[in-house]
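Take a moment to bring up the model and turn it around before reading on. We will begin at the ligand and then walk through the sheets, strand by strand.

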Amino acid sequence: VDVTLRWCDAGDLPDVMEADGRAFGFHYEADDLDDKLRLHDPTDFLVAEDDGRVVGLTDSFPFDMTLPGGAGIAVRGVSWVSVQPTHRRRGILTALMREQHERFVADGVAVAVLTASEGGIYGRFGYGPATLVRKVELDRRLVSVRRDLPDAGPVQMVTAEEARSLLPERFERWRLRTPGGISRGEAYWTHWFLDKAAWRGSASKRFYAVHDDGYVAYRRVQQWHDGLPAHDLEVDDLFTASEAGHRDLWRFLLGIDLVGKVTVWDAPLDDPLPFLVDNPRGVRTTALLDGLWVRLLDVPVALAARSYAVPGELVLDVRDDFLSRGGRVRLRGGPDGATCTPSTDEPDLALGVGALGSLYLGAHRATTLARAGLVEERSSGALARADLLFGTERQASYGTPF
Ligand SMILES: CC(C)(COP(=O)(O)OP(=O)(O)OC[C@H]1O[C@@H](n2cnc3c(N)ncnc32)[C@H](O)[C@@H]1OP(=O)(O)O)[C@@H](O)C(=O)NCCC(=O)NCCS
């Protein structure tokens, strides 16, 4: 790799944004610089330079992530990753990933996470797909909330100013009960509420409706349905901390007149929605994709931080070809917590660190990964034990695009 890597400061941001815009296909405007300065810590950007020009970059955000059992763990969320079209496939991304993740390790970060533009990039760096994102569409003229359900609790439409003070606390209550839930800090919320015209295409500004236990934020898009003007409704956020809140917000959404299609980008696989409505087939899954990718950087710390569905033990032989952060560990876990310590005992399972990342939030089963050759069962019954241990009560979901 014939480039120089360098950590940035605030003065680098215009060049970084120019390079980011080229990679992802847009131009930042002058006032975007101030917005980004509020959102990013410029010293978290790592750039690759060729002859003084930025030709590759990566960034990360500090987040808190909810783990199965409800504990939280500090993670770094990798973002703004790109290499300029003139310099691709020369190993620049690989060099950036190595330098950035070695800094995470030096800073004591046990887990890194990201969402990927393409599914083929990050497995080689020890990441495993660890949640699923499901896009759901309903035609609200064909689907209603069941009539036999209890009466709706109050749902109120509020202004953006009111939403700014009402949403964060409701989001946080959802996040703390959802494995994989990624925190949103003040800077994130401020940026999210800017809701600039340039970011929303032909869709409206957001509308907000709140319930005691949650909220929905959505946009309306003018469409023609069967020759008549109507709106489609695109849900940005729908987060609730109770089943009553979930039901009441869906009743609200499906009751909005002059609307045809309702689209939700991230409905968990275990969302009860199909059973809440009178026409389950009307809830159509139109995409099912990898969501959050997890990279364990300190296996013992990461595994001991979550709790496990049932009491049990496993000796894991973890391979890490990219950063050599693997090794053999004994995990003892249960609903009340866990310990994880280095071990020299015979392993029950052998797996790559990426496969362990895929198990970490409970969204994928060891048995499934073994069928794909990603986990090797070394002692009889270990796969079934791993399935039980790592399983979660609620489907993992990250909630925060970054
Ligand atoms: C993805 C991207 C950053 C890769 O950068 P790069 O410097 O070309 O990557 P490297 O040269 O370090 O490639 C390392 C390996 O990954 C592979 N690879 C890189 N990009 C890939 C992709 N999009 N899909 C599959 N494999 C990919 C390379 O072939 C190489 O494989 P090898 O080690 O077997 O030879 C670059 O193509 C890019 O900027 N894409 C557009 C923006 C983007 O999608 N960013 C990621 C946001 S999450």
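Start where the ligand sits: β4 (72-83) and α3 (92-106) each contribute at least two residues to the shell around it. Those labels come from DSSP runs, numbered from the N terminus, with helices being H or I runs of at least four residues and strands being E runs of at least two. Before going further, keep in mind that this is a predicted model, in which local features need pLDDT of at least 70 and side-chain atom pairs count only at pLDDT 80 or more, while totals for chains, interfaces and linings use all residues. Residues are numbered from 1 along each chain as its sequence is written, and side-chain values use heavy atoms, with hydrogens and water left out.

How many residues surround the ligand? There are 19, and the closest are Arg89, Gly91, Thr94, Ser117 and Glu118. Sorted by class, the shell has 8 nonpolar, 6 polar and 5 charged residues. Here Ala, Val, Leu, Ile, Met, Phe, Trp, Tyr, Cys and Pro count as nonpolar, Asp, Glu, Lys and Arg as charged, and the others, Gly among them, as polar.

Now look at some polar contacts, which are pairs of N or O atoms within 3.5 Å; within protein, one must be able to donate a hydrogen and the other to accept it, and residues adjacent in sequence count only if both atoms are side-chain atoms. A polar backbone atom of valine 81 is 2.8 Å from a nitrogen atom of the ligand. Glycine 91 places a backbone N or O atom 2.8 Å from a ligand oxygen atom. Arginine 124 uses its side chain instead: a polar atom there lies 3.1 Å from an oxygen atom of the ligand. On its own the ligand has 900 Å² of accessible area, and the protein covers 71% of that. Such areas come from the Shrake-Rupley method with a 1.4 Å probe; for residues, only the protein chains shown count as cover.

Strand β4 leads us to a sheet. Strands of a sheet pair through backbone hydrogen bonds, either parallel or antiparallel. In this model, two strands pair if DSSP finds at least two bridges between them. The open sheet containing β4 has 7 strands in the order β1-β2-β3-β4-β5-β14-β6, with mixed pairing. Its edges are β1 (4-7) and β6 (128-129); each has a single partner strand, so one side of each is left without a neighbour in the sheet. β1 runs antiparallel to β2 (46-50), joined by 4 bridges, and threonine 4 stands opposite glutamate 49 in β2. Helix α1 (13-24) lies across β2, β3 (53-66) and β4, at about 75° to β4. Contact here means heavy atoms within 4.5 Å, and angles run from 0 to 180 degrees between N-to-C directions, using axes fitted to C-alpha atoms, for helices over the stretch in contact.

Next, find the open sheet of 5 strands in the order β17-β16-β15-β18-β19, again with mixed pairing. Which strands are at its edges? They are β17 (337-342) and β19 (375-377), each pairing on one side only. Inside this sheet, β15 (312-319) and β16 (327-334) run antiparallel and share 7 bridges, with valine 315 partnered by arginine 330 in β16. β16 also pairs with β17 in the antiparallel sense, over 6 bridges, and the two form a hairpin with 2 residues between them. Helix α11 (382-390) lies across β15, β16, β18 and β19, at about 105° to β15.

Finally, visit β10 (214-225) and β11 (228-240), an antiparallel pair with 12 bridges. Glycine 214 stands opposite threonine 240 in β11. Their hairpin has 2 residues between the strands, and aspartate 226 in it takes a positive phi near 50°. β11 also runs parallel to β12 (259-264), joined by 4 bridges.

Notes: A residue is near a molecule or strand if one of its heavy atoms lies within 4 Å of it.
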